[in-house]
Amino acid sequence: MSDTNRRAFLKGSVILPPLAALGVSSASSQQTPAVDELAASAPAAATPAADDYKPTYFTAPEWAFVQAACARLIPNDANGPGALELGVPQFIDRQMGTPYGDAANWFMQGPFFEGAPEFGYQSQLTPKQQYRLGIKAIDAWCAKNLGRTFAALKPEQQDDVLKKVEAGTIKSDEAPLKTFFSGFLLKNVMEGFFGDPMYGGNKNMAAWKLIGHPGARADFMEWVDRPALYPYGPVDLHGRQA
Amino acid sequence: MAVTNKSVDVVIVGFGWTGAIMAIELAKTGLNVLALERGEDQDTVPSFAYPKVVDEIAQSARNGLLQNLSKTTVTIRHDKDGRALPYRQIGSFKPGTGVGGAGIHWSGVHSRVMPEELRLKTHTLERYGRGFIPEDMQLQDWGVSYEELEPHFDRFEYVCGTSGKAGNIDGVMMPGGNPFEAPRAREYPLPPLKDPPTSVLFAKATKELGYNPFPLPASNASRPYRNPYGCDLGPCNFCGFCSDYGCINYSKASPQTTILPALRAMPNFAYRTHAHVTRVNTSADGKTATGVTYIDAQGREVFQPAGMVVLAAFHLHNVRLMLSSKIGKPYDPNTGEGVIGRNFCYQLINSVNTFFDKQTYINPFMGSGGVGQAIEDFNADNFDHGPLGFIGGGIIWGRQTGIGPVRGIPLPKGAPTWGSGWKQAVKDNYAHTGRIEAQMSNMAYRGAYLDLDPTYRDAYGEPLLRMTLDWQDNDLRMSEFFGDKLNAIAKAMGATSASGRVLKRGDHWDTRAYQSTHINGGTSMGTDPKTSAVNKYLQSWDTSNLFVLGANVFAHGIGYNPTGLVGALAYWAADNIRSKYLKSPGPMAAV
């Protein structure tokens with residue numbers, strides 16, 4: 001938490017935790033928790049989408065692919081900005097630098113065998129490796145069959161390629177493309193689009209506004225039995241309102 | 001062995017629900033009690049405090065509160081001739097970790113058991129006859145009766161501050177409650193939670209269809225509450241971050257909110273985190289447990305001597321410890337002999353998303369894990385199975401648990417998965433989508449079991465537990481029956497369309513998408529050491545100072561959520577240890 005955020009949090013100028021969350025109602029915490037516990041209850045520092053973001057993990061060609069794919073998977077259209085505008089490529093690049101990028105919490109011991117789909121992920125590829133090999137294979141297919149890399153294709157061509165990857169009709173010996181698409185690319189795009197803006201996507205909570213999700217408000221005591229339009233806009237984990 | 005600790009009276013493996021219950025009930029007798037927990041220490045503040053914990057990326061997408069599978073996992077196959085593959089990512093079930101265990105990220109649905117399920121073999125023979133039981137179905141009675149357990153169900157509900165409405169108090173039917181309810185001694189400690197939109201529509205529709213809706217019992221407090229241990233709960237505010245999340249409001253019952261504040265104050269109790277138990281040590285003849293061996297945070301192997309050992313870890317780890325400690329005879333699916341690993345069961349879930357018109361607001365972001373209306377017209381043996389030809393049943397509910405968009409936005413059939421069409425569909429549907437489900441029992445079969453994997457080992461060098469299980473014809477025909485009921489209810493609710501997953505004949509257990517963490521069986525309780533691992537007091541038949549808690553003692557699957565029964569069985573075991581075992585240590589049940 002930055003000093004500014006910490007001050008804002010302690011001054012109550014960000015959304016206040018419910019009283020109970022401060023520990024006043026439990027025998028375990030009859031005393032007011034120390035300030036460091038309050039700080040420990042705060043989310044990590046926010047690094048929202050930046051206009052001048054430079055990728056850390058992706059190479060220049062990979063970055064071009066990720067941006068182009070984001071622009072097609074959730075396009076900028078009549079319903080508002082899409083994944084590219086909301087910073088989703090930044091989200092994905094930054095996720096590659098977290099334990100997730102290296103599959104730190106997955107069981108990654110061999111031997112590795114192909115199995116029926118019902119048995120789930122059986123590849124030894126980490127998310128980082130999925131992107132590296134998946135992008136290379138799709139770009140190679142595009143170059144061979146369409147004469148350009150994915151990012152240089154027309155939007156309709158890009159949609160067509162993505163549909164074929166999703167359906168498994170574009171295959172590669174170098175990468176499990178269907179799995180890359182559904183298990184990584186599309187999944188991470190959705191996460192970045194709808195996740196808290198602190199992770200780099202969902203800029204200005206636009207994805208939450210699109211669907212009417214109130215973000216981190218997390219208090220509906222007075223509303224849960226009202227089957228009506230919820231009237232308040234979203235709040236993020238750092239208390240910003242949109 | 002590098003390190004040997006000072007001996008304790010009781011060592012408890014795992015510090016979630018059952019570990020906390022056993023610890024406080026035995027510590028009250030003055031015994032010196034030590035709990036060993038493999039994961040982190042954690043408490044409401046700071047671990048589950050607002051705003052940090054209400055983060056869908058950290059908790060739902062990256063499984064922040066779940067077992068780290070890189071340390072240990074299981075392998076899975078559908079039948080005994082197949083090759084088992086590791087459960088590499090969290091999918092169909094979600095084991096917890098750390099102090100509080102799965103009692104942190106559970107939803108709060110808090111049911112008991114139907115009396116006839118505890119004597120299902122006898123009951124089925126009485127009502128339907130031997131020919132009704134499929135040849136490979138291993139039905140058996142549990143050895144304990146509902147009447148024996150009732151005070152312990154009551155105890156656990158009053159510890160948890162369960163919100164509900166009684167349907168049957170000592171045989172007197174109570175309006176507004178569940179008419180199929182087994183007799184209870186008194187009302188729930190708290191009144192039902194407020195009904196969110198999904199539950200209102202579900203109750204109205206099921207009533208119109210002639211069923212009997214009632215408020216699902218929920219250990220999400222509807223009012224402020226002080227439990228018998230003096231621990232205080234605050235009212236649930238329907239924050240929408242319940243399953244997958246720790247509770248920000250001291251509302252969802254957990255070891256942290258209902259037991260640990262009192263337990264931590266007891267001088268004869270201690271707990272140690274980052275202690276991964278790999279073995280129950282026994283005497284040369286195997287009849288006495290001498291303590292446990294664990295790997296500590298520094299990677300050292302430590303022996304913890306104890307006068308009594310309690311296995312209170314999650315299902316998977318309890319069964320694996322029995323196998324790796326060579327206590328009890330491992331089950332052999334070819335001969336049907338042996339008991340450790342026998343009668344491994346799961347649960348079937350049919351989940352139907354209901355889509356409503358633009359005037360009908362569901363607001364799925366509001367909700368609580370346990371809140372909802374339910375019907376039990378088709379649970380257990382509340383209906384005549386004779387013409388239907390299957391054994392088993394389930395509970396159907398319209399819960400509103402709280403669903404955020406990272407957890408996935410359900411869409412009507414045929415909606416695009418990405419692009420402008422998808423964007424339009426999520427915009428149009430999100431606020432107007434509910435979900436109804438049927439949660440059904442999975443019976444015990446000869447070919448469904450647990451053993452140690454011959455190939456894969458975990459980070460501690462121990463063989464992984466291997467699951468062999470698939471859906472059987474009996475269960476899938478039951479599921480199809482429930483699918484029809486769900487579709488009729490969705491229609492009666494006024495849904496304009498429905499999508500989702502109904503298990504049908506030909507379907508196999510799919511380990512990818514989440515369905516239920518309610519795995520059970522493997523160290524079944526019972527009256528016969530040839531078919532059960534523990535007696536009716538959850539005492540090992542083979543090693544009398546070893547007690548085994550958890551859903552692994554279920555003799556077969558049930559339709560209900562298991563936590564209420566798991567907690568009641570822990571209180572039942574603790575009560576009998578105090579009143580019988582401590583006075584006269586040794587086998588408590590005659591063979």
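**Interface of chain B and chain A**

About 6700 Å² is buried between chain B and chain A, with carbon and sulfur atoms giving 62% of that area, where buried area is the accessible area (1.4 Å probe) that two parts lose on being put together, summed over both. On the side of chain B, the residues that lose the most area to chain A are B:Tyr50, B:Arg88 and B:Trp418, together 14% of what that side buries. This is a predicted model, in which local features need pLDDT of at least 70 and side-chain atom pairs count only at pLDDT 80 or more, while totals for chains, interfaces and linings use all residues. Residues are numbered from 1 along each chain as its sequence is written, and side-chain values use heavy atoms, with hydrogens and water left out.

**Contacts across the interface**

- The contact (heavy atoms within 4.5 Å) takes 89 residues from chain A and 72 residues from chain B.
- The rule finds 2 salt bridges between the chains, a salt bridge being a side-chain nitrogen of Lys or Arg within 4 Å of a carboxyl oxygen of Asp or Glu.
- A salt bridge joins the side chains of B:Arg62 and A:Glu191, at 2.6 Å from N to O.

**Chain A**

- Chain A has 8 helices and 0 strands, where helices (H or I, at least four residues) and strands (E, at least two) are DSSP runs, numbered from the N terminus.
- Of the 242 residues of chain A, 49% count as buried, that is, under 20% relative accessible area (1.4 Å probe, protein chains only).

Technical notes. Chains lettered and ligands numbered in written order. Buried < 20%, exposed > 50% of the residue type's maximum accessible area, 1.4 Å probe, protein only.
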